[in-house]
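Dear colleague,

I am passing on the structure we spoke about, placed just below together with its sequence. My notes on what was found in it follow directly after.

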Amino acid sequence: MRTLNLGILAHVDAGKTSLTERLLHAAGVIDEIGSVDAGSTQTDSLALERQRGITIRSAVVSFVIDDVTVNLIDTPGHPDFIAEVERVLSVLDGAVLVVSAVEGVQAQTRVPMRTLRRLGIPTLVFVNKIDRAGARYGDLVADLAAKLAPATVAMGTAGDLGSRDARWTPFGAGDAAFTDRLVEVLADHDDALLAAYVDGPGVPYPRLRAALAAQTGRALAHPVFFGSAITGAGVDALVAGIAELLPATEGDPDGPVSGTVFKVERGPAGEKVAYVRMFSGTVRVRDRLRFGAGAGNKVTAIGVFDRGPAVRRDAVVAGQIATLWGLADVRIGDAVGVPGKVLRRHFAPPTLETVVVPVRPADRGALHAALTQLAEQDPLIDLRQDEIRQEISVSLYGEVQKEVIQATLADGYGVDVTFRETTTICVERPVGGGAAAEVIAKGDNPFLATVGLRVEPGPLDSGVDFRLGVELGSMPYAFFTAVEDAVRGTLGQGLAGWQVTDCVVTLTHSGYWARQSSAHGGFDKSMSSTAGDFRNLTRLVLMDALRRAGTQVYEPLHHFRLELPADLLGPVLPVLARLRAVPGTPEVRGPVCLLAGEIPAARVHTLEQLLPGLSRGEGVLESAFERHQPVTGPVPTRARTDHNPLHREEYLLAVQRRVGR
C-alpha cells in the first residue's frame, strides 16, 4: 500500500484540529468527532493543549483513502510554536493549508505557505468555517491568489455562506470558467497544453485533471477547496482531492536504511520515544542504530501508525512513520541509517529570551534537569547555563510559550518557576575584515598550537562559513575539527555578547608539535599539541580578529497587521510612533481599518497589552519576524556566560583552573 505523509498547517484558530477530527471520522477511524473546546480531540493529547484549546506539539494519526495510507501530522498554529512546524516540513509528502473563511489570509497563513512553496511541498488549500457569519468566497479566492500563491485554482463554489446550510459544490467539465482558469494556470508550465487550447478544438477534461495533478505534485499549482470541519460540508471533496492530487510514495523496503527523526518525547516511564519518517529500507526490533560517536542503541519496540494512533509492530518500512523505543542517544534531526532529508532551519530563530528562576532555590538542580528534557523536545529553546551567575536562560518565540514552559515545569516536573523580564535577542554582524594569529612557542602564546584566523562579512542570512586557507594535510584532521568547533562555539557571543552571524572565517595559519615521548618512553603532553590547545587558542585569536573587524548589533523587526475600528486610527498612530513602529498606508473597509507595517520585536508585547484599551477591545494584532535592522542609539549588550576571551589574562586563568595546570 502507498503512503502519503500529510501535514496540516494553519494560523491559530483556523480549525485545522477540527478538520483532522472530521477527516478521521470520514475515514471511519473514530465514531464520534471530538471537540477542541471540550478537549476531546485525538491529536491534542497534552493536558495543557486540552485546557487551552490550542495545539502545542505536533501529533501523528493515520487513516486510509482507497489504496493510500495517510499519516496526518497536525501541527501548531500559534506562532510561538513555529519550531514544531519547522521540524515536520522535512518529512512531508504533501500539505493542506487551512484558512478561515472569515479572517482570510493571516500572518501565520503567509509564513508557512511561503516556506511550503520554497521547499516545493505539494499543497492544497482548504478554506474552513464557511458556516460562520462573515464567511467569504469571491474576494477571498482573489486574496489567496494575491497573498499566498498566484497559481491557486478554486475547485468549486460555495453557497449559503454564514449558515448551517453552507455548502460546497465541485466544478466539473461543463463549467467553462473553471476549465478556462485551469488552462490559464497550467499553461504557464505546459506549452503543449497551451498549444492544444489555442490551436485545437479544446483540451479534453481528463487531460486537464491529469495536468492539474502533475503540477500540484510539483508544487506549481494549488487547488482550493471550501467547507466546514464542523458541519462536514466540502470535506468529502477535500478527501477526494487529497487522493487524486497529492503524490503518495512507495519507498523501497529492501533498500539501505534511511530515515529522519523529527520529534522526540518522553514515555510514561521517562524513556525517550523517537518519531521517525522512513525514506528507504526497514528497521526491525532489536536492530542496533548508531547516533553520533557512540556504540549505538538497540531498538526495543516499534509503533507504526495505522488507522489511528501507533500500534506495535515488529518492523517499520520505507514510507511509514513510526515511534521507536530504546534509543537513549537519539536527538531531533538525527539520521537513521544513511542520511536522508536533513532537518533544516526554515523559519526565523526565536527573538526573545528570559532567565528561568526556581521559586525554591533547592530546585535549581531539578530545574536544569527538567529544562534539559524539554530542550530534547524543542532544541530551539537553546538552554544556556551561566556558570558565572548560576542562572539558566531559554530562548522564546513569545509570551504564550513562556506560560506553557511554566505550566509544563509545574505539572510535569513539580518545579515552580518565575521568569525575569523578557528581553530581545539581537545578533552581531562584522562590519569589516580583521585578522589575527599566534604562533607556537612565540610571544606569550601559552598553548602548543599555531592558529591564524581572518574574519570577513558574509552574505545576508548565510550564517557562519568556515574555510581553510591552509593545506588540509598540514596537521592532523582532529586539530582542524577542534578549530572549527571552537570558531562556531566562540561566535555564540561576539563583542557585545550576541551571536555573530553572516560572516566568513578563514584559517590562515596552522602549526603543531607532533606527539613527543618522555625520556621513559611515555607520551609527554607538555611537549605535544592536543585538540585542547587548538580549541583554547582559537577562542583568543578569533576574538582578537573580530575586534579588529568590528561588529554591528542588529535587532529583530516584526511585520505587523493591525485591524481596528476606523474611527480609532487617529489615537493609535501616535502610540505606534512611540513604539518605533513604521506603519504603511491605512486601508479602510467600511467601519474597519487595516494597518500593516514594521515594529521592533521588543515592542510587540507592549502593543499587545495596550491594544484592548486603544481599540475598545475590538483590535486584532498579528505579527511575525521579518528581518533584522541595525540598532540605533545605545547598543544593547548581553552578559557573557563564560570567561571573556577579549580579557586575555582572565581567560587564561580560567583555562588553567579548568585543565588543572
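This is a predicted model: local features need pLDDT of at least 70, side-chain atom pairs count only at pLDDT 80 or more; totals for chains, interfaces and linings use all residues.

Phi of D461 is near 65 degrees, a positive value in a residue other than glycine, and since exposed is taken as over 50% relative accessible area, D461 counts as exposed because its relative accessibility is 67%.

For context, most residues other than glycine have a negative phi.

Turning to the surface, L194, Y197 and V198 form a nonpolar patch there, and together they have about 260 Å² of accessible area. Of these residues, V198 lies in helix α7, which spans residues 191-199, and V198 is exposed, with a relative accessible area of 57%.

Finally, there is a helix pair to look at: the axes of helix α12 (residues 477-490) and helix α13 (residues 531-549) come within 8 Å and cross at roughly 40 degrees. That angle makes α12 oblique to α13, because angles under 35 degrees would count as roughly parallel and those from 65 to 115 as roughly perpendicular. The crossing of α12 and α13 is right-handed.

Technical notes. Residues are numbered from 1 along each chain as its sequence is written. Side-chain values use heavy atoms; hydrogens and water are left out. Patches are made of residues with over 30% relative accessible area and no salt bridge: like charges are joined within 9 Å, nonpolar side chains (Val, Leu, Ile, Met, Phe, Trp, Tyr) within 5 Å. Accessible areas come from the Shrake-Rupley method with a 1.4 Å probe; for residues, only the protein chains shown count as cover. A salt bridge is a side-chain nitrogen of Lys or Arg within 4 Å of a carboxyl oxygen of Asp or Glu. Helices (H or I, at least four residues) and strands (E, at least two) are DSSP runs, numbered from the N terminus. Buried means under 20% relative accessible area, exposed over 50%, partly exposed in between (1.4 Å probe, protein chains only). Axes are lines fitted to C-alpha atoms, for helices over the stretch in contact, and angles run from 0 to 180 degrees between N-to-C directions. Angles under 35 degrees count as roughly parallel, over 145 as roughly antiparallel, 65 to 115 as roughly perpendicular and the rest as oblique. A crossing is left-handed if the near helix is turned anticlockwise from the far one by less than a right angle, and right-handed if clockwise.
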